[in-house]
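Subject: Structure handover

Hello,

Here is the structure I promised to pass on. My notes follow below it.

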Amino acid sequence: MNEELILQHGLTLDEFQVIRKYLNRDLSIEELGIFSAMWNEHCCYKTSKKWLKKLPTDNEIVIQGPGENAGVIDLQDNDGIAFKIESHNHPSYIEPFNGSATGVGGILRDIFTMGARPIATLDSIRFGLIETEKTKYLLNGVVHGIGHYGNCIGIPNIGGECEFESTYDFNNLVNAMAVGHVQKDKIFYSKPKSIGGLIVYIGSKTGKDGIHGASMASDVFSEEDEDEKRPSVQVGDPFMEKLLMEGCLELMSSGLIESMQDMGAAGITSSSVEMASKGNVGVFINLDKVPLRQPLSAYEILLSESQERMLAVIDKKNNHKVREILQKWQIDYEVIGEITDTKRVVFESNNKKVVDLPVEIIVDDAPEYDREFYIPRKRKNKDFDFSKIKLEDMIINLLTNLNYLDKSWVFDQYDSTVMGDTIREPGQSSGIVKIHGTQKVIGASTDCNPLYIKINPYEGMKYTVAESYRNLIACNINPLAITNNLNFASPLDPNIMGELVLSIHGLKTAAIKFNTPIVSGNVSLYNQTNEIPIKPTPVIGMVGSNMDLNKINTNKFCEIGNKILILGKQLTKNCSPYLLQDQKIAFYICEFNDLEVLDLDFEKKIANCVLELSDLKCIMSCNDISRGGIFSALLKMQHKDMGFRVKVPDPIDLFCEYSAGYVIEIRSKDFEEVTSFLTKKGAEYLEIGEIIKEGIEINSKKFDYFDIMNKYRNNFEKIIS
Amino acid sequence: MSFKSAVITFPGSNCDRDALYYLKDLTKGVVHNIWHEETSLPKVDLVILPGGFSFGDYLRSGAMASKSKIIDEVVKHANDNRYLLGICNGFQILTEIGLLEGALIRNKKLKFLGKNCFIKKKFKNNFNLSIKDNQVLQIPVAHNEGNFYCDTETLNLLKNNEQIAFEYCKGEFSNTEENINGSIEAIAGITNKKKNVLGMMPHPERAYSDFHQSQDGRLIIESLIS
């Protein structure tokens, strides 16, 4: 086999030699295609595996950890929650609408493959600076794509994040998360149950789309590639996915399916190999039986990533019933093979075996690398002159920076109330949906702070986990578990590899402390174009619950006259220069200042105070303090005709993103009870002001309430138009 | 006497379950779920054509569903002077069938719109009896094609016959534009001439439970039952 062909398939010559030696024969082109698909980063995690193994993945509530289509946690009684986040970065840069739409489609399939009905989606999207026309095009396309797919299927979008930063100029990120509800006794896995079971193909016909998508997604980009690679972006059809979802859920609830696997990245190849590997069995598939949209070679069928397709194993006796149900939903259905006891993956085409490989070599012998990594040098903190900063300028900075403005323009394009169980819509600290027919609620939040992680990957990752944690706590939601999406540039650069290793370490530390295991995830490497690496962006999605929907907190002000307190790290004068709304300061800090160590025990203590006070009904509203500091938290809490009057040692500190915790609203009559409770618990607090009618006042200085709120809500749309 | 109702499910309907719960919780009567290929409809007081993307919105929103087998029965039900309510995609289907006038075209800003909107009743009919004049209702919308359009002649007919049931309006403290999607005369819902068929873009089935942001969606079922 010639070297060029091997390299074109994304394999190194060393990797090829391992295969060649094991098989002791030449490979067919189809077999080379299979290794190309299965041995890339996207499918076998060859770079990250060593480090991912260190993450905590289990505790008393974990039903299914990483390794299946989605993780599942226990929500008491017979209720389970399946969830996962996945990236569709490269496709969304090449073709933003279809790239992001199919990202949503893929993650939804991961959820209903487990037997779970999706009940919510979230996302995390990042773009370059809005000054370039390309960013506007990408933003419009991505938001339209996410909305189109989710809205059409009818799954509420309950939250997410959207950030603009220059390192994403040529490499935007699109991570989509889905959450589903499953009955614990009806969870489906990809492991087949019996030898002789029929392998059936369910869903859309196979076409040429997405061939080599998985290996493309693991490639470094150059700009000229863009046009050339467009044909390998999959095209989604949410209507077909809706039918597929309803059809599959009906099959599963009727007990007609043994196991199921979605045909995602690397299509029929990866789904069948996974099945064989999980069950420690073999598979035989006749490619001539695969429903096709156009004439395709065996090689193309194996690698096609056409969307909305499933592979399932059924008992022979159920063949007729399965066909009947799928006919009702107008879904293609074909028996294409069977489960064998050979422990080999065999594909036949035109009466010829085109692939005949032991499962072992594809899965167990997949490469695993221990790549070189550097630990970043410790930064020296530089003194910062606070005296030059003006309060008015800080407010203007915040109201003209996309990252801090109200993002209704994005959320309004998503259906967030379909299914009728939405309690908190996007734009609040966490999205919340009810488990239908119960009093239980699920809260979820996606977060990442790439700047912090760039500055200090270990500490920065702790901050990222803490941010999600606080988002849930603020609503009186108990954090339960995490799904992660590690977006990084090329791991072949030891500096980038260092970011990856250290941030996984930070994730581990925080997850253990918060008892929030990582139950599913995804890794997206080589996010760099024209040698510009993205900032390290390990996004996490955290899920939590409250068993009683009447106990959750609102993030919005409730009543004029109520007191405003801050809870958490005490606000000392000029505590930190993390005034990041100002681009110059942000740049300065990124260059020199390190992060302060985040005390996770303290974080937990404060969180427990918020939860207890919420259960005592002492908290009228609560918001976490993150980006934009206390000032931004207060703007987000604004509601109806309510504003705020605050007094703090130095108003500039209201913008510090660093001294984080919570803003809480309490009634005057509860003040004694709340403060003595906090004192008893040793939790620091500061009374900073009160809720007033139609006003914003800081240290006796009055600001134009309507002007600020108007800009906060409308400037995003103005800037991006 | 208990109130009987039914919800039709088309392939691609995604608010059919919500409509079923809405009816079950508020009417306390029997609620049927009818698949689009059925050829008979039980005798019920109210039929809902639910929201969603029937047949993927292919061809035109509601166009394919209006040719489904069950539609003959739905038309008979309406001709029998019984209640028929089309919500969102259901409204689009009703205009495609021809039971309601006008058409729903793309939103003014050419973007999907998913947020709370505010409506009030225009002319009285059996669907809005329990709603006071000038009472502002808060109900979510979620649509891409909700911009109601008709020619001047039809508009005059709708007015003269008092067929306009709801119009969009300004909500207190709301940042949202009054006429949220650019509909002609801010029309949010219309009835047929006999006023037993209503089509509306807002989703009352998402605004009735205690935990919903608003419970104003109850008023429509309460109007029909009273």
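How much area do chain B and chain A bury between them? About 2,800 Å², with 56% of it on carbon and sulfur atoms. Buried area here is the accessible area (1.4 Å probe) that two parts lose on being put together, summed over both. B:Phe112, B:Phe173 and B:Phe211 supply 23% of the area that chain B buries against chain A, more than any other three residues.

Before the rest, some ground rules. This is a predicted model, where local features need pLDDT of at least 70, side-chain atom pairs count only at pLDDT 80 or more, and totals for chains, interfaces and linings use all residues. Residues are numbered from 1 along each chain as its sequence is written, chains are lettered from A and ligands numbered from 1 in the order in which they are written, and side-chain values use heavy atoms, with hydrogens and water left out.

**The interface**

Chain A brings 34 residues to the contact and chain B brings 27. Contact means heavy atoms within 4.5 Å. Three salt bridges are counted between the two chains. A salt bridge is a side-chain nitrogen of Lys or Arg within 4 Å of a carboxyl oxygen of Asp or Glu. A:Asp415 and B:Arg206 form a salt bridge, at 2.8 Å from N to O. On the side of chain B that touches chain A, 13 residues are nonpolar, eight polar and six charged. The nonpolar set is Ala, Val, Leu, Ile, Met, Phe, Trp, Tyr, Cys and Pro; Asp, Glu, Lys and Arg are charged; the others, Gly among them, are polar.

**Salt bridges elsewhere**

Over all chains the count comes to 55 salt bridges. A:Arg25 pairs with A:Glu31, their closest N and O atoms 2.9 Å apart. Is A:Glu31 buried or exposed? A:Glu31 is buried, at 2% relative accessibility. The cut-offs: buried is under 20% relative accessible area, exposed is over 50%, and partly exposed lies in between (1.4 Å probe, protein chains only).

A:Asp26 and A:Arg20 also meet in a salt bridge, at 3.5 Å from N to O. A:Asp26 is partly exposed at 44%, and A:Arg20 is partly exposed at 27%.

In chain B, Asp210 and Arg218 form a salt bridge at 3.2 Å, N to O. B:Asp210 is exposed at 68%, while B:Arg218 is partly exposed at 27%.

One network to look at: salt bridges link A:Arg126, A:Glu161, A:Glu163 and A:Arg627.

Best wishes
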